[in-house]
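Here is a short tour to read alongside the sequence and the 3D view. Have both open, and let's start inside.

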Amino acid sequence: TSVLSLRTTGELQQSVTRASHTELVIGQLNHFWGVLGDSESNGLRFILTGDPGFLTSFRTNVAEMDASLDQLAGLTADNPAQVAGMQRMRELHMQRASFAATTMQLKSDEMAGDRGAARAVRDRLRGGEGHRMVLDLRVVINDMLGREAAMLLERSEQRNQMIRQNWATVLIANGLALVAGLVGY
């Protein structure tokens with residue numbers, strides 16, 4: 001029973017580690033989505049006000065998103081489906097960053113007096129391409145979150161099964177000890 005208990009405890013620890021890893025991936029995906037929202041807000045505020053502070057915040061957000069994607073890539077490297085999702089996220093992020101950089105430059109040109117740039121900024125905003133990129137990112141993130149949630153559910157069930165098995169082992173060991181004690185008495 002001691003060997004069985006030690007084995008079960010080791011498996012339980014591995015199960016907890018896997019569940020924690022999955023929770024970490026979910027947290028990082030949600031963090032990326034939050035920073036994406038911040039970048040959208042800061043980018044639009046710059047477009048509307050021309051305040052360079054918002055442009056600086058936007059650039060900081062993009063750098064934070066890059067770092068988040070790097071962390072996610074490391075966390076999901078062992079899961080082919082999530083690796084594919086990460087590649088798609090990175091593609092969409094790069095497309096969005098490039099689109100936004102061009103739009104920000106056009107806004108800067110507009111602030112310098114270029115009327116053609118002002119028209120181009122309005123056309124880009126009305127065209128909705130940036131919004132479509134964000135929606136595409138949301139679809140990929142939701143897909144990845146769904147896979148991680150399914151894994152978390154499975155891993156949590158495995159952990160709960162290990163806990164039940166551990167309890168059974170402890171009860172059996174205590175029962176045998178009680179019987180041995182009574183026999184010895």
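## Leu-29 and the cores

Leaving out residues up to four places away in sequence, Leu-29 touches Leu-72, Met-89, Ile-141, Met-144, Leu-145 and Glu-148; a contact here means heavy atoms within 4.5 Å. This is a predicted model, in which local features need pLDDT of at least 70, side-chain atom pairs count only at pLDDT 80 or more, and totals for chains, interfaces and linings use all residues. Residues are numbered from 1 along each chain as its sequence is written, and side-chain values use heavy atoms, with hydrogens and water left out.

Leu-29 is also one of the residues that touch the most other members of the largest nonpolar core, which has 21 residues; Phe-32, Leu-72, Met-86, Met-89, Leu-137 and Met-144 are the others named. Two or more residues of this core come from each of α1 (2-49), α2 (52-75), α3 and α5 (129-184). A second, separate core has 11 residues, among them Phe-58, Met-104, Ala-117 and Val-121. A nonpolar core is a set of buried Ala, Val, Leu, Ile, Met, Phe, Trp, Tyr and Cys residues joined through side-chain atoms within 4.5 Å. Buried means under 20% relative accessible area, exposed over 50%, and partly exposed in between (1.4 Å probe, protein chains only).

## Helix α3 and His-93

Helix α3 covers residues 80-111, and His-93 lies in it. The helix has 32 residues and spans 46 Å from its first C-alpha to its last, close to the 46 Å expected at 1.5 Å a residue; that expected span is 1.5 Å times one less than the number of residues. Just after α3, Gly-113 takes a positive phi of about 105°.

Why does His-93 count as buried? Its relative accessibility is 0%, so His-93 falls in that class. Apart from neighbours within four places in sequence, His-93 is in contact with Phe-32, Val-62, Met-65, Asp-66, Leu-69 and Leu-137.

## The overall picture

The protein has 5 helices and 0 strands, where helices (H or I, at least four residues) and strands (E, at least two) are DSSP runs numbered from the N terminus. Its C-alpha atoms fill a box of roughly 100 × 30 × 20 Å along the principal axes.

Of the 185 residues, 34% count as buried. Among contacts with a separation of 6 or more, 77% join residues 24 or more positions apart.
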